[in-house]
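Hi,

Here is the structure I promised to pass on. Please look it over; my notes follow below.

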Amino acid sequence: MTDPYYKEMKHHKREYDWVSNCVYANYKIPTKCICGGAITVEADDRGRNYYVCKDFKNDGLHIRHDCLTALEEELDCLRSHYAEEVPLRRELQFELTQMREEIKELKQLIMVDR
């Protein structure tokens with residue numbers, strides 16, 4: 001016997017995943033097609049590589065995305081994440097050095113009291 005709330009939440013999650021796949025279908029490196037099919041890499045006549053759904057039909061419901069563009073978008077996304085993480089890491093390192101100094105001071109105070 002399953003919980004109806006759990007079933008409803010799973011349904012909403014599947015629906016959300018499908019909608020996000022539709023929205024980001026032609027952005028970055030695709031992992032799965034809108035239709036749920038696998039993605040393969042194929043080359044056209046000119047030698048350009050594309051990420052293509054295994055069941056590709058030119059009806060707007062399947063992915064065919066240029067590999068070079070996808071890699072550039074992925075790299076831009078990684079750069080923006082890196083730019084966000086660097087200040088946080090510096091701040092954490094500063095806090096860590098402050099905590100180490102405080103711990104040293106506390107150890108010295110404990111040793112003096114003995």
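Predicted model: local features only at pLDDT ≥ 70, side-chain atom pairs only at ≥ 80, totals over all residues.

**Strands, core and surface**

Strand β3 covers residues 64–66, and it pairs with β2 in the antiparallel sense over three bridges.

β2 has another partner. Strand β1 (residues 39–43) runs antiparallel to β2, and five bridges join the two. Here V41 stands opposite Y51. β1 and β2 form a hairpin with five residues between them. In the turn, G47 has a positive phi of about 95 degrees.

Is β2 enclosed or open? Strand β2 spans residues 49–53, and four of these five residues are buried, so the rest of the structure largely encloses it.

Y51 also belongs to the largest nonpolar core. The core has eight residues in all: C33, I34, I39, Y51, C53, I63, C67 and A70. β2 and α2 (67–113) each supply at least two residues of this core. In general, nonpolar side chains tend to be buried together in soluble globular proteins.

What does Y51 touch beyond its neighbours within four places in sequence? Its contacts are I29, P30, I39, T40, V41, I63, R64, H65, C67, A70 and L71.

Now the surface. W18, V19 and V23 make a nonpolar patch of about 300 Å². V19 sits in helix α1 (residues 4–23). V19 has a relative accessible area of 40%, so it counts as partly exposed.

Best wishes

Terms used:
Residues numbered from 1 in each chain as written. Heavy atoms only, no water. Patch = residues over 30% accessible without salt bridge, like charges linked within 9 Å, V, L, I, M, F, W, Y side chains within 5 Å. Areas by Shrake-Rupley, 256 points an atom, 1.4 Å probe, with all protein chains shown as cover. Salt bridge = Lys/Arg side-chain N within 4 Å of Asp/Glu carboxyl O. Helix = DSSP H or I, 4+ residues; strand = E, 2+ residues; numbered from the N terminus. Buried < 20%, exposed > 50% of the residue type's maximum accessible area, 1.4 Å probe, protein only. Pairing = 2+ DSSP bridges. Core = buried A, V, L, I, M, F, W, Y, C linked by side-chain atoms within 4.5 Å. Contact = heavy atoms within 4.5 Å.
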